Amino acid sequence: MKGNLTKGCLKGAEIQALGKTAGLARFRHSFISFGEDDYMDPVTAMYVAQGIHGLAYGMVLFLVASGLTLIFGMMGILNLAHASFFMLSAYFAYTVLQLTGNFWLALLIAPVATATVGVLVERFLLRKVHAFGHVGELILTIGVALVILDGVQAFWGTENLPLPIPDILQGLVNIGGLEYPAYRLFVIGLALCLLAILAVILYKTRLGMVVRAAVSDADMVNSLGINVPLVFMLVFGVGTWMAGIAGVAIAPILTVFPGLADQMGLDAFIVVVVGGFGSLSGAFIVSIIAGLLNAYGVQFVSSLAPVLMFIFMAIVLTIKPMGIFGERE
Amino acid sequence: MSKTKRWIFWIVMLIALVFYPKVFGIYYTNVFIIFAIFALFAVSYNLLLGFTGLLSFGHAMFFGVGAYGTALALEHVEGMPLIASVLMGALAAIVLALILCPIVVRVSGTAFAMIHLAFGQLMYVLALKLRGITGGEDGIGGFPIPELNIFGIVSIDMADPLNFYYFAVTVLGLSVLFLWFFTKTPFGSIMISIRDNANRVDYLGFKVPQSKAIIYTVSGCFAGVAGSIYALFQNLIAADDGFHVMVSFAPIIMTMVGGIGSFFGPIMGAGIFGIIEELTSRYTERVELVMGLILILVILFVPMGFIGFINFVKQKFAKAAA
């Protein structure tokens, strides 16, 4: 849809900005440093800059894809409304920012509000159709996605809404002779923190054990006396919450517009498909690969960049139909 | 229904189809052509979802490839006959189906759906990016639409919407009829058995992947025919009309609303879909919002769709009478 077009444009603008940054760094260094050895060679600088750029996108992608793959692993449904929650959160953040003017408050409130919507959808819609099998659930999520997409347009309109970066994160950070936007580094850090918390909860706590057990066999866990529907609701809530955080995090970079859902949703689906359905580590690795592929693809084969991901996916799926880390059905 | 009653019903339907444009005028004739196109699209889709139990999120690619096949053939080949251009669309869809077959017949369930979503989007992006062939966002438009030439005896001008109506309805109707007989063959029973228990079909000595490949190709082929007629009708095909993910979701919604288990369900669904779209677009721009709400309500309350609902009511009445 329009999302993909905007993606191309934005990427172009970002490259220009990036070029400027790299150029600026070189310019400043030629003034400040007398020796050649402490400033990065521009070609290397470009590689590193694009690498960090791709990493930032890959991290946000992972935040969305991890929720998707967890929900899939547990409940067996691919939540097609997942990216819509991601977009909804960005709109919530915009409204909170309009009301309070505080980015941190938006980062706190919007994902929680999104997760609340997600939990309500799980409790009152998805659970009711669980008995009709996976096709019903999948199609229900299409319905939810359509309602959110059009509802958002009815509420906030179709134009791009800007979400300013908070003052502290404005400006550039110097890493080894290269100036890099602080906000993107913050996004990487935020995603890494969340990833660490998620990993600790999943692999070190009793709750995580229950979740992992439910991923491999929900019926068995249920008959052991654990309230699996409650765990489902919790996982769905956490999944949408992470998608919500990703939505707020990406909003200042891409602005808020209805096409956000397609753009991110598609990439997240590819990550889940290629990484293997329900595999968290697969999602992580493929997210990073996808981010880097995107960034370097734009740099070197800009006309083919949007197709690269699909080609990657096609190659992986022809060799392993269940994804890199997926098990046979 | 007895046999004579059924014959009378179909003859009345046929007469209604013939006189429809005379009674309702040109606007509703065009609405009907769109309905018929999507009815065939949905019926071909139901071959996968309803009969074989394969959920696909990328059926639009066959629709789109059929449309682009026809449009490109008419644009680049001098003196392309009308029927041949429709066949070109079908052929393009068949070729695409044959290319995808080796990958998709090995998986089922959600993996099948997602692979199709991904390939469908790949086709969409390709249609946008390969500007030289597809014209990008603008698509291919204004290609010449030749006259229908029957054995060199009669030639019918397709610029007249009335003539085009008869042509489109004939092609689409024959396609639906073909699919109807296809589901009634012994092979049709194999489709249903694959849906119900693929392992048992395998043990009985039928080749499941090969059978799936044939069903897949037939389904794709007729989706291509629907797309081809769509391109001829609009005299324009762009990426958003042909490959957009909403085009893939349309037959799913139609099949679900109409009734997943029956052959005529998707046709009913296409009708209901068309009526709702027509009515809501008069009052609001938010057609998708209404569609989404209806989809949710249908799944929640009438999961067997319109046909299932009718059967349910019939059973109730039968019980009450007895």
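Modeller: Happy to. The contact takes 37 residues from chain A and 33 residues from chain B, where two residues are in contact if their C-beta atoms, placed from the backbone, lie within 7 Å. Please keep in mind that this is a predicted model, in which local features need pLDDT of at least 70, side-chain atom pairs count only at pLDDT 80 or more, and totals for chains, interfaces and linings use all residues. Residues are numbered from 1 along each chain as its sequence is written, while chains are lettered from A and ligands numbered from 1 in the order in which they are written.

Let's start on the side of chain A that touches chain B. The elements that give two or more residues to it are α4 (103–129), α5 (134–156), α10 (260–275) and α12 (305–319) of chain A; helices (H or I, at least four residues) and strands (E, at least two) are DSSP runs, numbered from the N terminus. The largest share, 15 residues, comes from α5(A). Sorted by class, this side of chain A has 27 nonpolar, seven polar and three charged residues. Here Ala, Val, Leu, Ile, Met, Phe, Trp, Tyr, Cys and Pro count as nonpolar, Asp, Glu, Lys and Arg as charged, and the others, Gly among them, as polar.

The axes of α12(A) and helix α4 (residues 110–129) of chain B come within 10 Å and cross at roughly 145°. Axes are lines fitted to C-alpha atoms, for helices over the stretch in contact, and angles run from 0 to 180 degrees between N-to-C directions. The crossing of α12(A) past α4(B) is left-handed, a word used if the near helix is turned anticlockwise from the far one by less than a right angle, with right-handed used if clockwise. From α12(A), the contact is made by Pro306(A), Val307(A), Phe310(A), Met313(A) and Leu317(A). Their partners in α4(B) are Ile115(B), Ala118(B), Gln121(B), Leu122(B), Val125(B), Leu126(B) and Lys129(B). By class, this helix contact has ten nonpolar, one polar and one charged residues.

Helix α12 (residues 265–283) and helix α14 (residues 305–321) of chain B pack at an angle of about 110°, with their axes 7 Å apart. That makes α12(B) roughly perpendicular to α14(B), a label for angles of 65 to 115 degrees, with under 35 counted as roughly parallel, over 145 as roughly antiparallel and the rest as oblique. Gly265(B), Met268(B), Gly269(B) and Ile272(B) in α12(B) meet Gly305(B), Phe306(B) and Ile307(B) in α14(B).
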